[in-house]
Amino acid sequence: PAFLAGDDDNVCLMDVLNKTVFQIIANGTILSPPVIAATGFGAPEGIALRGETLLVVDGGRETLEEVDLISGEVQTIATDLGFFLGIPGLAFGFANDVVVDHSGAVYVNGDRANVIYKFPSENQGTSMADPTVFRPLFSILAAVSMAFFVG
């Protein structure tokens with residue numbers, strides 16, 4: 001299993017089993033072989049590109065990590081996020097993911113806590129330590145599951 005994130009110039013791939021982020025396209029050039037951007041995550045799930053950094057949801061540590069694609073430095077930017085480590089009977093449980101909107105705000109779903117965290121962009125004067133919490137996740141997951149199983 002893998003997750004992809006990219007923009008017009010860069011694409012990264014998260015190899016979930018090896019817990020490693022690879023940069024596969026840099027500045028519009030395909031890298032062969034891919035370059036290891038970061039490794040050593042607990043249980044990486046979703047990723048999102050934000051400029052020269054990559055956001056990584058680490059379900060094993062219940063954190064949101066930021067990888068500097070130039071230096072390879074990994075920094076924890078949010079902790080104690082409510083993630084399941086896995087669901088019995090399912091190989092990987094619900095994947096937690098991250099997305100960045102056009103204003104720079106970051107959204108992360110927390111399946112165990114049944115929330116969607118919103119971290120306003122830094123240029124809105126708020127840090128990652130001050131998320132807004134939405135609680136519609138269970139309803140969304142239930143609707144998606146019903147649509148999947150019922151058709």
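Gln 23 lies in strand 3, which spans residues 20–26; strands here are DSSP runs of E of at least two residues, numbered from the N terminus. The structure is a predicted model, in which local features need pLDDT of at least 70 and side-chain atom pairs count only at pLDDT 80 or more, whereas totals for chains, interfaces and linings use all residues. Residues are numbered from 1 along each chain as its sequence is written, and side-chain values use heavy atoms, with hydrogens and water left out.

Beyond its neighbours within four places in sequence, Gln 23 is in contact with residues including Val 11, Cys 12, Leu 31, Pro 34 and Leu 69, where contact means heavy atoms within 4.5 Å.

Strand 3 is joined to strand 4 (residues 29–39) by six bridges, and the two run antiparallel; strands are said to pair if DSSP finds at least two bridges between them. Within this arrangement, Ile 25 has Ile 30 of strand 4 as its bridge partner. The two strands form a hairpin with two residues between them, and Asn 27 in the turn has a positive phi of about 50 degrees.

Four strands make it up in the order 5-6-7-8, with antiparallel pairing. Strand 5 (44–50) and strand 8 (74–78) stand at the edges with a single partner strand each, so one side of each is left without a neighbour in the sheet. On average, neighbouring strands of this sheet are turned by 30 degrees against each other, direction ignored.

Although strand 5 stands at an edge, six of its seven residues are buried, so strand 5 is largely enclosed by the rest of the structure. Five bridges pair strand 5 with strand 6 (residues 53–58) in the antiparallel sense, and Arg 50 stands opposite Thr 53 in strand 6. Their hairpin has two residues between the strands, and Gly 51 takes a positive phi near 65 degrees there. Elsewhere in the sheet, strand 7 (residues 63–68) pairs with strand 8 over four bridges, again antiparallel, and Leu 64 stands opposite Ala 78 in strand 8.

How values were computed. Axes are lines fitted to C-alpha atoms, for helices over the stretch in contact, and angles run from 0 to 180 degrees between N-to-C directions. Buried means under 20% relative accessible area, exposed over 50%, partly exposed in between (1.4 Å probe, protein chains only).
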